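Trainee: I have the model open and some questions ready. Can we go through them one by one?

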Amino acid sequence: MIYHTLLFVLTAVFALWAVMARKLLTSAIMLALVSITVSLIFFDFGAPWAGVFELSVCAGLITVLFIGAVSLIRDHDEKRPENRSRFHALPLAAAIFAIAAWFYLPAFFEELAGWARVGNGGGTIGLALWEMRRPDLLGQVLMLAAGVFMIKSIFPRRTQK
Amino acid sequence: MDKGLLAYLLIPLFTAVLIPFIARNRPRLADIFANVTLLAGLVNLLWLALRPSVIAGGFADIPGDALSLLLVAAVYLVGLCVTFFSAYFMEEGLPNRQAYYSLILTSIAAMTGVVTTGDFFTLYVFIEVLAVTSFALITTDDSAGGIEGAIKYFFLTFPASALIMVGIAIFMISLGSLSFDSLRVYMSSDMPDGPVVFASALIMLGFLIKSGVVPFHAWTPDAYQGSYAPVSAHLAGIVTKISGVYAVVKLATLLRFFDGRAQALSELVMFLGLLSIAVGAIAALRQTSFKRMLAFSSISQVGYIVLAAGLGTPLAIMGAVFHLINHATFKTTLFLNSASLEKAAGTTDMDKLGGMEHAMPWTSWTSVIALLSTAGVPPLSGFWSKLLIILALWESGLKTYAVLALLFSIVTLAYFMIMQRKVFFGRKSPAAERSSEVSAPLLAPAVLMCGVIVALGLLFPYFYQYVKVVAERIIL
Amino acid sequence: MNLILIPIILPIVSALALLLISERTRWLKELLAIAASIVSLLAAANLFLLPAQTLSYAWLGGGISFTLSTDTLSAFLLLAVSLFSAAISIYSFSSPNKGSAKWFFFNLLMTQAFAAGAALSDNMVAMLFFWEGLLVFLYTFIALSQETKAAKRTAMKAFLINAVTDLCLLTGVVITGYIAGTYSMSEISHNKLTLDYGWSVFAYVLLLIGAVSKAGAFPFHTWIPDAATDSSAPFMAYVPAAIDKLLGIYFLARASVYLFTLNGTMQLVLMTLGAVTILVAVMMAFVQKDYKRLLSYHAVSQTGYMILGIGTLNPIGIAGGLFHMINHATYKSCLFMTAGSVERQAGTGDLSKLGGLFRAMPITGLCFLIAAAAISGIAPLNGFFSKELIYKGTLDTGYTWFFIAAELGSFLTLASFLKLGHSVYFGKRPEGLKDTKEAPFSMLLPMMAFAGICVAFGFGARLPVQWFISPSLEALNLQHGLLFGFHADKLYFVSVIVILAAVLNHMLGLAAGGGKADKASDHIHYAPVLKETYALAERRVFDIYELAMDKVVPPVSYALFKADRFFDWAIDTVPSGVTGLLSGASSRFHNGSYPLYMALTLAGAAVYILLVGGFK
């Protein structure tokens, strides 16, 4: 239970951070962390497929793309001052939402648990990653390579300027 | 995953990983490695498909479903042209030369993966890899247009990824598996089909967005126009065709097993195909930038493929596949020529060019061949594919579509003639006075492609035999 | 060469040869033309005497055979055509006012050839070929007969009227051929078409229009009076007076008797058409003040008798129609020739300026008298017998009204010829015509020949009826009784009454017109009601051609012009305009705005999902 609570809290914190971060790069990384914690929650609730999707697609793929994009547009975004004061109200709103959720969300979760159908194939992260995902493993490797090369391609130019 | 063709994926990937280490201090080695890898792959493929004994046997010895082999060959061919062209096109001082080749090889590996894979999720992952590599490649020369194009490409195709994901998730829930075969098995059983059809529609939509079909085409002109010159050939010639159009065709072949239950979807796809043909052709008429015009032409030609895919009869699928291959040949030629123009005359603005034929005869005449093939003038290859598509439409009783497709083929000829007149023919412009023909290595890919265009057109009976083998294996 | 081809080929060859001859040569052209037409005449006569023969070639891919046949009707017609051609070419030898001699004879010979072809053709398509060829030479004949603009205008008028009706004929022939399954007239006649259903009625009416228009019946006659003033006397004597009547009535007879079995309604239509033509034209003729123009209206009016005769559908009437056809050609040609002679010798055709020429030109005057008496139906000239046959046929049908109308026509005909003859040949000779001499022999010869024929066919009506008319009826597969002979029956007395009435009328007119013969018609011309009608007619209000040219053609051509502009605009401006607009719009749309593109993508996706999801 504590493990669950910890994951929930971490997700919330990362999400808030993602929204409030001054640097877009930080935002993107925080988003990736949100995805990772969410996928952990999925695993924990016995939905390995959903977890794997979240992990590989959101945490892996999309983050890579985001970071690429962010690194390109970083320069002129940072030059533009932005009124960020309204974001400071966000933690407050989140806190109010959390307290409200404390009262009525558990019942909702109970109901959700009853819907679990496909995800109950179950198993560990390792099983899900290695046994069930062999076909697209090659794709993941390729994705990794692509990410690396992209960063290698884009960042030298950044540093030169 | 077609195991027989796995090597064509792994070897470029291996070279891609190798290049940054080997060519760390000698950048030219990167050129050589990339070219040799692709050339070797291509030669190997040709040996596999075009041995006299194979031809004599009516292509019955082709491994796999034959379509994969054909498309892998197209990928390698375009890839080789682009890398060879890049090797002589690229400025010496470009800091990320090694990364550039690595990215191209990675994208080629990913495209090989796309065309050989057997399940939706892998397909999706490879397509995302393509998105990432293209994103990086577009911005190779770090121009403002490149960055804008890359960002538009990325963000405007992002909804596609989301839609494909949702579709795949529904497949997962309904089918319990993600392979193409499971879809076929499921549809032949009596299980409820609503969610599956809907998911197919969502995935189809995602691929349509990635193909740049109207009204999801907005990213294509900016991306093609802004991208680094040889990359635009790579992108327009093969990458978007594999990541979007091929997937549409593949899904369309699977829709045949829906037995009419996805009729609305097929009709919608056909309509979007026709819309693309029309909008692309009409928009191309008024463009002043050569590359932007080619981008709209690309939208229009993709429309033909999508139209045929939506129809889904064996003849239409054959036409679609053939047109896909043809599109790779002629659009690569035209984009490479635009790159040559850019290098020689310093601009691709058609209003500033004129009379370039005197300065660049080879570029001019390879363009003529490519554009005639695009417009479907016999006996070039483009004629046969359009003929197959229009015949298929006519046979299915969709005479309005057939007539409109034919009509816009004439519009195609019109805008290319306008282009040819503005850029190559006519009075010599100051730009033509200054410039001279590019070097032979830069011409070689265009000439090679023209050779392929003419050969495919003249040797159409053999090719038709091959495509029939494809149709028998994947459709019937 | 087959004899049957000579009347067709020889004139064509001679006509083409004529064009090679220099305009300077004096007699060569004339002599060549005369020779050609006389040889043709001999060939025609030979053909007439020989038993019927047929010449057939596979034509137009074998589906239609080009068949010429000389059954007795066709041979008779060919003989008539050749005879008139020969006579006119002789007459034209020294006739002035015929335009360029080269072109005149070229047109004459061409017309002869094509008319001969049309007469001989058994196949309707072949006949159409010749028939349409005549149209071309009709135009050139009129247009080249005088240098004036009016000649060109009248030529165009004649051409257009006949072109429209020939088009009707063409359509009719096609439909007839389609219904019958063959274009051969002799084959159709074995199994005649009936007017039981719409298409065949339509086809017959179209054929009828073509035939009566050629013959120059009301309301397609309007170019003939114009041609009378704008063209030459030889032309008038040849084409509207002879050839057109021959062919038109010939085909009318073919269509009405040979190809179709008509019913009572169509009979009534034909007879009404005949009667109306008689009356309208003769009313107009009566008040004319010009020699040729007066004659030309009579040429129209007499057509009415022929149509009336054929419209009776009984053998007597048809025999009368055909007999009247040949008679009319004879005396009307003769009359036009006298007109030409007078014009040549006196220099004018205006009745008010002529007078007392009988003494100066006795032979011409005599010929005129004979021909005028013939056309007025005075016994025992040929016109009397043919008209008697027609009256008899008309009375046999039981429609007395048509008989009365025909008699009324006769009355007015005679009255107008009394006026014409009186004002030209008798009365006081004007000062300017003191030195007028008789016309040259080449003009007198054909005139006298025709006058002779009028007399011969009158006194010896038995001969032409036996030789020409009976065989023609046989060719039309008609059984008939006795057709000739002078009967002093009621009909004869009616015609005597008509003659007397006409003379009476002429005297009245003279008295009213102050003794001037050319004003002898004024008491009718300026009678109440008629005066206004005539005024309107003079203004050509009743002329369908002028009406069409004034009222219909300008708006139609304007509309067509606008339609043409529209199509031009549609294929020229619209595509480029629309594509320009569309591509301009698309250029403006593709403005690089990321939110716009995203909105488009998302909206498209939403619509797509809705459509696929079944919200159709």
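Trainee: How many of the 8 residues of helix α11 of chain B are buried?
Mentor: This is a predicted model. A residue counts as buried if 20 or more other C-beta atoms lie within 10 Å of its own. In α11(B), the list of buried residues runs through B:W219, B:T220, B:P221 and B:D222, then B:A223, B:Y224, B:Q225 and B:G226. The helix spans residues 219-226 and is largely enclosed by the rest of the structure, because the buried count is 8 of the 8.

Trainee: Which element of chain C is included in what covers the buried residues of α11(B)?
Mentor: Chain B supplies α6, α7, α12 and α14 to that cover. Chain C contributes as well, with residues 594-612. That element is α23 of chain C.

Trainee: Which element gives the largest share of the side of chain B that touches chain C?
Mentor: The contact takes 23 residues from chain B and 23 residues from chain C. On the chain B side, the elements giving two or more residues are α7, α8, α10, α11 and α13. By class, that side has 20 nonpolar, no polar and 3 charged residues. The largest share is 7 residues, and it comes from α13(B).

Trainee: Are α11(C) and α12(C) roughly parallel or antiparallel to each other?
Mentor: Their axes come within 7 Å and cross at roughly 160°. Angles over 145 degrees count as roughly antiparallel. The crossing is left-handed. The two helices, α11(C) and α12(C), are therefore roughly antiparallel.

Trainee: How many nonpolar residues does the contact of α11(C) with α12(C) have?
Mentor: Residues of α11(C) that meet α12(C) include C:L270, C:L273 and C:I278. From α12(C), they include C:L294, C:V300 and C:I307. The contact has no charged residues and 8 polar ones; the nonpolar count is 16.

How values were computed:
Residues numbered from 1 in each chain as written. Chains lettered and ligands numbered in written order. Predicted model: local features only at pLDDT ≥ 70, side-chain atom pairs only at ≥ 80, totals over all residues. Buried ≥ 20, exposed ≤ 12 C-beta atoms within 10 Å, placed from the backbone. Helix = DSSP H or I, 4+ residues; strand = E, 2+ residues; numbered from the N terminus. Contact = placed C-beta atoms within 7 Å. Axes fitted to C-alpha atoms, helices over the stretch in contact; angles between N-to-C directions. Parallel < 35°, antiparallel > 145°, perpendicular 65-115°, else oblique. Left-handed = near helix turned anticlockwise from the far one by under 90°. Nonpolar A, V, L, I, M, F, W, Y, C, P; charged D, E, K, R; others polar.
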